[in-house]
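Here is a short briefing for a first look at this protein. Please keep the sequence and the 3D view at hand.

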Amino acid sequence: MRIRFLYATLCGLVLAGLVHIVTVLAIPLLSETDALSRARGSETLDHPQRLYTLSTADEPAPAEAWLPTPDPAVALGVCAYDLDDGPMRVSARTGAQMLSLAAHGRRGAFYAVTDQAAVRGALDLVILTRTQYDEALANEDENEPSRDVRIVAPERQGFVTVRVIAALPSQRAAANEAVQAVSCTIDSPSEEPGK
């Protein structure tokens, strides 16, 4: 009798553990308010959607962030993309403040770059599918190579985060402006990517 009780208890604990593990692992798949879903609001914009704006002497930081509060010296924006519409081009001009771009999919970040990769003060990041990448290579002029940083995305939908660091309080307004100055556009199918 005692062995049956222990066996039933052990089976119950194993079953409860399995249900718990499956439930925890299924949360990201079943969630309707994940980061990608929230970032999709920026698909119609040609600049990053503000997530965290630094407070300046003139105005306090608005409570617009849906992410946990990041470093208080970092302005943060997001651009969502759907590669079914075409390749996503993120263009930024570099300045005195450190700027970083990170590409994310449903499974997390898959590429990150800082302003140190800029060529002549410009940073162009193009996110493509494998097919779009192959087409861009085929259409590229051999005499005039592209300066774009081309990334093949693991998934068709995702978002790019734009971060600008304000090392000093006097640089906060410039950091907010630098995030909004980044261009997020879809290359139309008629355009040759990289031109």
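Which side chains meet in a salt bridge at 3.9 Å, N to O? They are those of arginine 107 and glutamate 155. A salt bridge here is a side-chain nitrogen of Lys or Arg within 4 Å of a carboxyl oxygen of Asp or Glu.

This is a predicted model, in which local features need pLDDT of at least 70, side-chain atom pairs count only at pLDDT 80 or more, and totals for chains, interfaces and linings use all residues. Residues are numbered from 1 along each chain as its sequence is written, and side-chain values use heavy atoms, with hydrogens and water left out.

**Overall layout**

- The protein has 4 helices and 9 strands. Helices (H or I, at least four residues) and strands (E, at least two) are DSSP runs, numbered from the N terminus.
- From the N terminus on, the order of elements is α-α-β-β-β-β-β-β-α-β-β-α-β.
- Of the 195 residues, 33% are buried. Buried means under 20% relative accessible area, exposed over 50%, and partly exposed in between (1.4 Å probe, protein chains only).
- Among contacts between residues at least 6 apart in sequence, 73% join residues at least 24 apart. Contact means heavy atoms within 4.5 Å.

**Salt bridges**

- The whole structure holds 5 salt bridges.
- Arginine 107 sits in the loop between strand 4 (99–105) and strand 5 (108–114), and glutamate 155 in the loop between strand 7 and strand 8, so their pair ties together parts 48 residues apart in sequence. Arginine 107 is exposed, at 76% relative accessible area.
- Arginine 156 pairs with aspartate 84 in a salt bridge, with the closest N and O atoms 2.8 Å apart. Arginine 156 lies in the loop between strand 7 and strand 8 and aspartate 84 in the loop between strand 2 and strand 3 (88–93), so this pair ties together parts 72 residues apart in sequence.
- Arginine 156 is partly exposed at 43% relative accessible area, whereas aspartate 84 is exposed at 54%.
- Arginine 89 and aspartate 187 form a salt bridge through their side chains (3.2 Å, N to O). Arginine 89 is in strand 3 and aspartate 187 in the segment after strand 9 (183–186), 98 residues apart.
- Both arginine 89 and aspartate 187 are buried. A network of salt bridges links Arg89, Asp148 and Asp187.

**Glutamate 155 and two threonines**

- A polar atom of the glutamate 155 side chain lies 2.7 Å from the backbone nitrogen of arginine 106.
- Threonine 161 belongs to strand 8 and is buried, with a relative accessible area of 4%.
- The side chains of threonine 161 and histidine 104 make a polar contact at 3.4 Å. A polar contact is a pair of N or O atoms within 3.5 Å; within protein, one must be able to donate a hydrogen and the other to accept it, and residues adjacent in sequence count only if both atoms are side-chain atoms.
- Threonine 129 is in the loop between strand 6 (122–128) and helix 3 (130–139). Threonine 129 is buried, at 9% relative accessibility.
- Leaving aside neighbours within four places in sequence, threonine 129 contacts Leu83, Val152 and Arg156.

**Helix 4**

- The buried residues of helix 4 (residues 172–181) are Ala175, Asn176 and Val179. They cover an arc of only 100° around the axis (taken from the directions from the helix axis to the C-beta atoms), which puts them on the same side of helix 4.
- These buried residues pack against strand 2 (74–82) and strand 8 (157–165).
- Exposed Glu177 and Ala181 are on the face turned away from the buried side of helix 4.
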